[in-house]
Amino acid sequence: MKILSFNKNKILAGLLLLALSTFVSCKKLIEIPPNPPTQITRAEQFLDSATAISAVVGVYTYNQGQGFAYSDANLTISTGLSADEISSTESYGDEAEFYSYTLTPVNSEITTLWQYPYQSLYQVNDVLNGIANNNNLSASFIKQITGEMKVVRALYYFNTVNLFGGVPLVTSIDYNTTAHLPRTSVNAVYTQILADLGDAVKKLPAAYPSSGHARPNLYTALALLAKVHLYQGQWQAAYNEADSIIKSGMYSVTNTPLNGVFLDGSNEAIWQLPAISSENQTAEARIFVPNSGSTPNFLVTPFLLNQFEAGDQRLQNWIGTAVINNQNLYYPFKYKNVLASATPVEDYMVFRLGEMYLIRAEAAAELNNLSGALADVNIIRARAGLAASTANVTSQTAVLAAVMHERQTELCFEWGNRWFDLKRTGTAGTVLTAEKTGWQSYDTLYPLPQAQIQLNNQLTQNPGYH
Amino acid sequence: MYKIYSEYFVLPPGFTKKLLLFMKLTAMLLFLAFMHVSASTLAQKVTLSERNASLTTIFEQIRNQTGYDFAYTTATIQAAKPVTIDVKNMELTEVLKIVFNTQPLDYEIDNKSVEVSIKEPSFLEKLKDKTAKMFAFPAHIHGRVIDSLGQPLPGAIVSLNLQGAPYSYVATTDNKGQFDFPSIPQERYTLTVTYIGFNKLERIVQVNSRDISFILVLHNSSSALDQIQIIAYGSESKRFSVGSVSSITAEQIEKQPVSNPLLALEGLAPGLAVTATNGVPGSTVLVQVRGQNTLGANSLGQKPYDQPLFIIDGVPFAPQNNNVNQLENLALAQTFSGGISQETGLSPFNGINPNDIESISILKDADATSIYGSQGANGVILITTKKGKPGKTTFDLNLNTQFNSVAQPVQLLNTQQYLQLRKDAFAADGLTPSSDPNNYSAYAPDLTVFDQNKYTNWEKIIAGNTTNNTDLHASVSGGTANNTFLVSTGYTRSDYNYPGDFADQRYTLHSALHSTSADKRFTIDLVTDYGYDQNNSAGFGGSQDVVLPPNLPDLIDPAGNLIWNYKGVPLNVQNFYSSLKQPTYLQNFNFNSSLNLSYQILQGLTIGANLGYSRNTTTENSEDPASSQDPSYAEANAAFANSAAQTINIEPQINYNKSIGKGTLSALLGGTYKKNTTDADQTEAYGYSNDNFLGSIDGATTIYPYDVANIVKYSAAFARLKYIYDQEYIIEFTGRRDGSSNFGPGRQFGNFGSVGAGWIFSEEKIFKEALPFFSYGKLSGSYGTTGGDASQAYSYQALYQNLSYIPAYQNIKQSYPYNLYNPDFSWATKKSLNLALDFGFFNNRLLLNATYYRDREGDQLVSYPLPAQAGFPSVFGNLNANVQNQGWEFTVSSTNIKTKDFTWTTNFNLTFNRNKLLSFPNLASSSYSQQYVIGQPTSIVMGYRYKDVNPTTGLFEFYDKNGNVTSSPNYGTAATGGDEVPIANREVNYMGGFGNNFTYKHFSLYVFCQFSSGDAPNYLSAIYGVNFPGAMQNQPEAILNNYWKAPGDHATLQRLASSSNSSSLISAGDFVQSSGAYSNDTYLRVKTAALSYSLPDAFLKKVHVKGGSIYINAQNLLTITNYKVGDPEQPGNYTSFPLQRIVAFGLNLKF
């Protein structure tokens, strides 16, 4: 090659230099941009309130907004099956095990119930960590967000402690520590819940921080606090908290028709999460409402159906009917919109005033304010088109029974209320043994997922599960 | 004469300087090579073997051997010429004659010294000389030695032997292949040319007074030992290799009618495990070299799977062996799990035509792989494509038609058997089947609503067809000695064995151009591969539905419309036709281009560069027409996806080859810059008004786009030094300093290296004389390090991300934590030892190899699994654990019979690999505490020891940790109070293959069998894990008469269960985790059978064709196994898309 031969010295020198430069400047050669196009660093995430707030709403929308609903309405379904609200039409599979009390630690729904809260709790703790002592953020912003996050944290721990008993208490993002935490006592979990809610009550104003009732305000914190106190038998505290919410005047049961309770902008809503899924509005509607001509996935049990008194409007509004093979099949129908595009839009209800009336009623009954208790019950009954309760106003037992009866029909398929009520009142064994087969005393607590015990040998299994 | 030296000194002065500079660089590593071993005895006999040695060296040697001193002045020997001599035990006087024969010097022996002086021809001598010149002039013999491609062969040994003479004239060819005998007496000689890797050339030469010039062409040795194999950044002869490299040739690949080149490797190379994930055309093929080195796997119960680095024509293959599809695809939906976490889907290698491959090298040990540093830890697979050969332009056409069917069909129950099973199940539970869905436990539409006499063989409908595939390949190649070319194109169509219009179609265009400058100094090679693959598939639906009840009502009407319910019983869950009407279209574009430049600056010194570009892009779309969905919720939607993987690879290199002393040195110095990017995006689209718009995104009212990007940059410097001394001793050093952008600041660089050595002991006289049938023996070994880096960029930072498919929350776009923060991880390090023994017998017609290896990988770089409470399922980091793989590999290749008409050759290979977790500090408190056991293979499966079925209760029973029988064993290992022990080992116990090739006149028959043995989940694990016997699902016929029916029965399977309410379901769950769900999975498969017939010349002449053959090739023809139900290659799931038996009928023509 003539062209090359006349200056091959130069070519040689050039190529040698190129080879050498590879070794000398290799650090330069492997420089890449500081972050990938699809991600930013944590420092950038909490640079100002505008970016920090996106991490906050991330908490409310974890996994398509269904973190609170435990993915595919798993909290509602599992507790509904374990209690006496629904049965599965698929006689095989992980869901059926809840109904038949044949749960094993490898049940995949159990895993969902265990891990969703912790994944969300990491987000919560990360936000709290990111905003704490952050000079780029205003004090009022930090105060508001801290209050909101603590409500969320308390809610997750409340559900988790009721499903599993004492659980590891994670309040930091340091996985070197948190990955090895053992279970704490039930009391320790409640102490944390009460501390978080106490702080939230101090920090949150009555006004909602954004449009609608999509993010917690003071009354959201109080609503959960009332529920916690009720579960702990702190009747006066529960009464006072429910009472202050009812008396705030911000919410109304009487102005809310039964078919409007779960709609976006419901008068009754203390906290409702906007529908934010691309495929449906609520997981409950998607799972419960069958396609025309199809068998529902879950059927309302005869035990629950029998609890609805004649003329109860809730039976028409909140229980759906499918006719298959000339047989009526009933399914949960509080949420109706199967498609994301359906209107009017339904939001996912976390707390509503109806529950607060029933908390106040139960607390009042326990405090021997029996007429007050019945009055609250009757407000709920009236909306359902029912006459006033016939319970003997002089009998605390009768009034409490009336409250529990109303809780069963009013709060069915919501947040595991029935399952938790059976457990906290100590009636699960007697009620469920009478209705179904297979009940054993240890069934009040779900097993911890086997994989979690494998991954963290500090965890111990609940009794009865092997 | 001896041009090597003279030419060296006539070079321009500048070159010398540069050369010396380079020599200095390498000198440090070379000192070993210069050590000469010589005996210091005072004998009169001399043994010398030197090529082009200086006279002083010769004097030194003789002095050492005889004690004779040499007296001379520097000026005297200035005119001396280098000496080439090969004598053994010769008298000193004779040796001196030879040494001084061609020197312009004289000598005289005086006592114990030799005096050297400048030759003064005496009168008598002058007269004698004159006379000789007059009557018998010595002749000048010179020439050139080249190979069949016309390339010079430097270092070839040319000798002229006089019959009966004790010595011979010997010369070595220079870098131009030239040799020179300036003065050869007139005689009749035997000219011999030897060169390693080539057949010996012998010729009778009558020397008379005329000078003679030869061009001697050597032909490649036909022995496998001397075949050139491709290695990292070069090639080598197997004879002098000290690394562990297996090569697969085009010949072996071409006989297999497979569309994925990786499938063609199964069983052919020791140490290489190849696993087809399913039978979907174009689906992923998993490949592993020498066992699993990493703990990995971020979810428990799943075994990780290491895969090697893939390099095509020197360019790292951009997508590696990762599946190319993002959207749902039958290849993705139809995989078997078997407990191994693996990448499945459509294979990127589907874009490469096996017919375009010249060779595939599998690099296994540190000697072969440490030059790849960070990426070599799991072995390296080098694919080299075909290049043109000089000669007449040749057209080659290959055409075949293939017929596919299920390789190992499963027999399921017919309606009568199925219904009886169901009735038995309800009876066992004490229930009466009901048509009322409210009757939670007893609802059984198949027994109460469906037609009791209808029979549909779903397996036959879904997978029972025979499909017709087509493969066409044409190439044109040729060229001159300096310029060659090859262009080939191929078309392959593989139909799915599936109801529906699904197929994989591939178009490839391959080209290779080579050019050498007239002065042979500059070469350029350009290789380009283009592949276009189109896979039409469905998102879901399929072979898991072979277990639908055989009396299920029709799912489509005669017009093809979907049927959604039967007498009120919904069929939406069962209607797999629905998903088959939801097509996904995938187009994969593969582009590989490799440009190799090299320039020879000096004799033996070349500089060059490999410039490579690899890009693999995929475009997909899927359609869910409203018409394919249950009308009550039908919503037309579509998805669109694109992905691109790209590698830019720049590798400047300096090569230096030189004969030093009795040996040859080859040195390589190079650098790497590599940038690998992967980008992918995906868009889900909803709200179409009409099914016909689904092919475009324009008709959507709502879209959810989504994208990801990853970037990795590497920079490295590497070197290799190899010295072969006297064709007997080999030493090799390789090293690489590697930097990767995957690590955080201060942790990016790592050093890797290896040393290898070999001794060809058959060169020793004792072997040569004592065992004449013993033609080759080599002992070789290597030790070194390779590394592993993260596959994921930026993992060393805490990151936040957006997720597009979640609509904004009150108009605020959400951010989510992306990972856990660990900035501290760095390289994983693998240390490899390799020892090999090679034997050749009967002129290397029988070759044996035994290799022992031991690999240990420490500083494990893993996605460390974490409990949910940590917030993420895993964190990326190093783990102070050490995993060992050690094993034996054996190969035999033999030419059993070779006559004019009949040849029979055999190849055999066998591999044993043993994996072991060597150390793992604090294993007990780690996330892996229940998964791994120190001292045990990492592939063990923990579970219960299965006993049998209790004759009284009819339930499965197990042994607890104390050996007592229990029906309800406890979770966890004994250390945590549980009953789990190692029950199976998923590692392959042994594997291998053997092939026989027969040719008789025009016929050729090749039969290759592959075998493998290990533990694997059996079909019962699928039955009790997914399809419970007694549920509304069909069962394999194998369970009939095997389940417990009444107290006292001694059955192998427990009592039936009609629903989850049965207590037997709990023990079914325990059974799946027990040794009862694992079986020995040993099989022998006739992998390839190829019969061909070369068309007779007379016929070819008539039709004006140069060459041609017709053939039948078959794949997966026959399987011998004890494994029950399903394909032993896909253990644990008899409902995955089955592997196919392929029979191809073809025609090959050359014009």
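Q: What are the ground rules here?
A: This is a predicted model in which local features need pLDDT of at least 70 and side-chain atom pairs count only at pLDDT 80 or more, while totals for chains, interfaces and linings use all residues. Residues are numbered from 1 along each chain as its sequence is written, chains are lettered from A in the order in which they are written, and side-chain values use heavy atoms, with hydrogens and water left out.

Q: How many salt bridges over all chains?
A: The count comes to 45, where a salt bridge is a side-chain nitrogen of Lys or Arg within 4 Å of a carboxyl oxygen of Asp or Glu.

Q: Which residue does Glu148(A) meet in a salt bridge?
A: Its partner is Arg215(A), at 2.8 Å from N to O.

Q: And where do those two sit, buried or exposed?
A: Both Glu148(A) and Arg215(A) are buried, meaning under 20% relative accessible area, with exposed being over 50% and partly exposed in between (1.4 Å probe, protein chains only).

Q: Switching to chain B, what does Asp738(B) meet?
A: The side chain of Asp738(B) forms a salt bridge with that of Arg736(B) at 3.0 Å, N to O; Asp738(B) has a relative accessible area of 0%, so it counts as buried, and Arg736(B) is buried at 4%.

Q: What about Glu1129(B)?
A: Glu1129(B) pairs with Arg1085(B) in a salt bridge of 2.7 Å, N to O. Glu1129(B) is buried because its relative accessible area is 5%, and Arg1085(B) is likewise buried, at 0%.
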